[in-house]
Amino acid sequence: MYRHKFKIISGFLFLVIFFNSIQGIQFDSSSNDVNLIPNFLPEVSMSNFDLLEDVLNTNLNQFSLGGYFSQEFRPSLEATYYALFILEKLGKLTQINFQEISDFIMSYYNSSTKLFIDDYTKRYFDTNISLYYYPYNSLLLSNCYATLALKIIDDLELIDTSAMSNFIWSCYNPETSGFIGRPYSLSLQSEWRLSTMDNTYYAVLTYNVLAGENWNSKATEREKLIDFVESLQDNLRGGGFHNDVNTNFASLQISEPNILASYFCIKTLQIFNWISAIDLPAFHGYLEDLYHPEGTYFEITAYPLIPNKSSIVTTALGLALSDLTQYTSIDRNSVLQFILSNRNPEGGFYRSPTFQDYELLDLYHIICGLEDGDELNELTIGDKQELADFLILYQHYTKGYTPTSCNYMTINLIHSIVGSLKLFERENELEIQNLYTIISKNLRTVLDNYGFIMSGAISSARIQPLEIFTIGNRQQISEVLMPLSHKSTYFGLKSLFDLRKLNDLANSYNLTYFIQGVLNTQFLDMNYPQNYGAFSHFYTNFNPSKKNALISVIYSFYAVKILEFLAEYLNLGAITSLEFDVDALATYITRHIDESTTELFFNEGYSTLPEDLLEDTFYGIYILKAINRYSLNSDKIRLFILNNINYSNIKSVYFSFKLAQLLDLNILFDIQQTHQLIQDIYSAELHEFYCTTANDLISQEAVFYISEMAKTDSVRILTNYPAEVPLGGSLNMSAELCNLVLKDFGPYTTVKIESDQLGTKIMEIQADYSFKKQLTISAVANNYPSVTGEIVVYDSNLKVTSFPFEIPTTYDSMISIKKVEDQTKISLAINASLVFATGMQPIFGGKAFIKVYKGQLHIDSKNFLVNDLLRHTEFTLDYYPAVEGIYEIEVYLDDGIDPASKLLGNYTYICEDPDYTGGYRTEANEFLPLIIFLGITPGLALIFSYKKDLPKRLIKKLSSKK
């Protein structure tokens, strides 16, 4: 037997390839990334691809049904109280789960301080009065809201009511009376010591509940509070009420006097049963000034900056104030009809017929007004149910309520969904024209500076959501969020581009104005060296101090992104040729670089959270690279990433990945932990991703983070096939794909085996998302000594990568040789079979031949006669030398498979006399069959010689010649 085989190093081959294009899966086989597939990726019921599909499909379905992507706004104690109040007045409290609401409220209760603090309260503590003051969200108000909410669900025993009463009175201003938003102290800034009526009304209302309406212990304070309220009536400006005594400070962010401050004042006096203490004729005159008989509505102030902005809300409050103060000079039925007829399709109320937006505070005040006006009975049973159902738009997954309806999308959310779908080439599934209309409505112009606002529908909300507005001292909330900024502008432009609608915008607006709007925001005031050269959030006429306070690297990053994006779109060349101070921008970045002996990162000093520092470092490094000023130590940045990446936080992983990608850092990310992270942060109930494995906060940008990593991270391919395969046998091949996010790359991914020898075969996907294929290697010459081809990955019909393979093939031979000779000829007979995995067969198309040498001279070649039988082939040959002498005969076989002829034997034949006619001599008894055994190295000649005594006659003849 003879074995033919070729050795290889290993049967397991790894290839690292890259996604490089948002058009589809793209690969780069030249990558030197050596990440391998871990032994055990998480066992999951839904792959990470399925999770992404679920989130994106849910959003598509939501938009198809309701015309919006559901926005997850942060819940608050304030909004939760409003919702409970509304449900109570509508008689619909039975629709909610009291235990879930109670748990939500108490989750913000600190048992040590015995106080409630939610995220909106933290924003209040972050307030920088010179920048912006947040009404409605003080520490005092949040604790009042929580206490009143617990009262509604009969859970006041959960808190220390005595401690709560003491806290409320700690916020009392002993100098002027009234209440401030936090415990009073002379060391507080004057604006913080300012008593306001929103704080005062809820403090009085809450204490009244806690004290059981017994003010005996606070009789003196009660009298002073009455005096304080009376002092806020402004008879010189029509008889209305202010919210505070400082005419230069708008504590409600509404010009004063106004109807809301007047409502707080009158309602406070109602608790004291002392409404008659005010100047009623003057106040009635004020109501007359606010009332518009031709429209049967009330305005919010006598001189509004934007008329009719909140007329439905203020009309409900006007109706209440008319009843509370017995003002009768209104058309009551028409006023009521004005309120009730301005319902929105979702079942609630518009803010006004002109400004058809709404927030929970609006509905709360409308219900307050209808209740105080004793008109709730005008709502039918169906009306009340619709209003109760309307509150679902404000219900948060934590079971609390948000101040803003979930159908008000932000540009951030639109970009996240549109961008993710674009990455997966699914943007055509979007309602493109509707989205274009929505995005376009967010376009704003400020003196020819164009930009997109985060959400135009809620830009005028009285309670600005945390998701779009957080400016302050950056001690409680480090990020500066402005409703109109370069970030929202970039997201708007990029979303339109992804929707193929940017040309439509360009047909109506000069896109260079967007560029100029960015260039106009570079901060070049040398009195503020730390931020000199940065870009502010958007064009404003703020003074330099205020601009400086709002500087954040995120806005410089998105300023650069807009410049890059539009410069490419408009073919303007490199952004460094645009008119801004490149060196000043580079200086701003480098001045905030924090470098040690081992690490380097960007640090503005507002946050110590590693994920924030990673994010800001990416922004800073990106800017330097974009303006060709990068010269930092990348190894230190790499070490900073390795020391700070947190595999329980998707934001941390994403910006670590982006930094490594930006600087081409060789970082071995932990694929197993990242895959597990994505599984852990997914919510099957909400069809969203949380930010961390703590599952406490939904991150709607996470779907874009995950999608981008899925489409741009390097893909690891593991191929598995045997080291060799026998001809006629089966070849089992498998391939596995994965990257930081995916193991399953979706239904459009096809893996094929393509080979000139084997043809094109599609590999079947398995339950574990691997790809497998079993092939039969035909026993033909074309498949020896190896089969070659490629494992090819397709995205749809686009070939995106190919991985070459070469697998040695083997087969066996069984060969025997019989030699018979006399003085005139030598006869040779060969029996040969090829042994494949399917069994033995003849050597079809093979041949055997001899080469004849005399001395050292090749004198002849002869072919054997061939006879193919059932399982073997017979080769026969009689060779007659022409002259006597000693011949060396080499026997060869071409087996039809191996292209090389195999030397089977070497024989010495002595021809005594070619004319000899004597008897036939056989040496069959001297014959030894020649067998080619398994395992002999190809090409090694097997030489068998038979030694015989030379005939004396030939020896004598040869001697005489010599």
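The lining of the second largest pocket comprises 21 nonpolar, 11 polar and 5 charged residues, where Ala, Val, Leu, Ile, Met, Phe, Trp, Tyr, Cys and Pro count as nonpolar, Asp, Glu, Lys and Arg as charged, and the others, Gly among them, as polar. The model is predicted: local features require pLDDT of at least 70 and side-chain atom pairs pLDDT 80 or more, whereas totals for chains, interfaces and linings use all residues. Residues are numbered from 1 along each chain as its sequence is written, and side-chain values use heavy atoms, without hydrogens and water.

Of the 37 lining residues, Tyr 132, Lys 309, Ser 459, Ser 460 and Gln 464 lie nearest the centre of the second largest pocket. A pocket is defined on a 1 Å grid over the protein atoms alone as an open set of points where a 1.4 Å probe fits, with protein on both sides within 12 Å along at least five of seven lines; lining residues have an atom within 4 Å of a point. Strand E9 (residues 443–446) contributes the largest share of this lining, 3 residues; strands are DSSP runs of at least two residues (E) and helices of at least four (H or I), numbered from the N terminus.

Asn 412 belongs to helix H15 (residues 411–423) and is buried, at a relative accessible area of 11% (buried: under 20%, 1.4 Å probe, protein chains only). Its side chain forms a polar contact with that of Glu 701 at 3.4 Å (N or O atoms within 3.5 Å, one able to donate a hydrogen and the other to accept it; residues adjacent in sequence count only if both atoms are side-chain atoms).

In helix H27 (residues 702–712), 11 of 11 residues are buried.

Key. Buried < 20%, exposed > 50% of the residue type's maximum accessible area, 1.4 Å probe, protein only.
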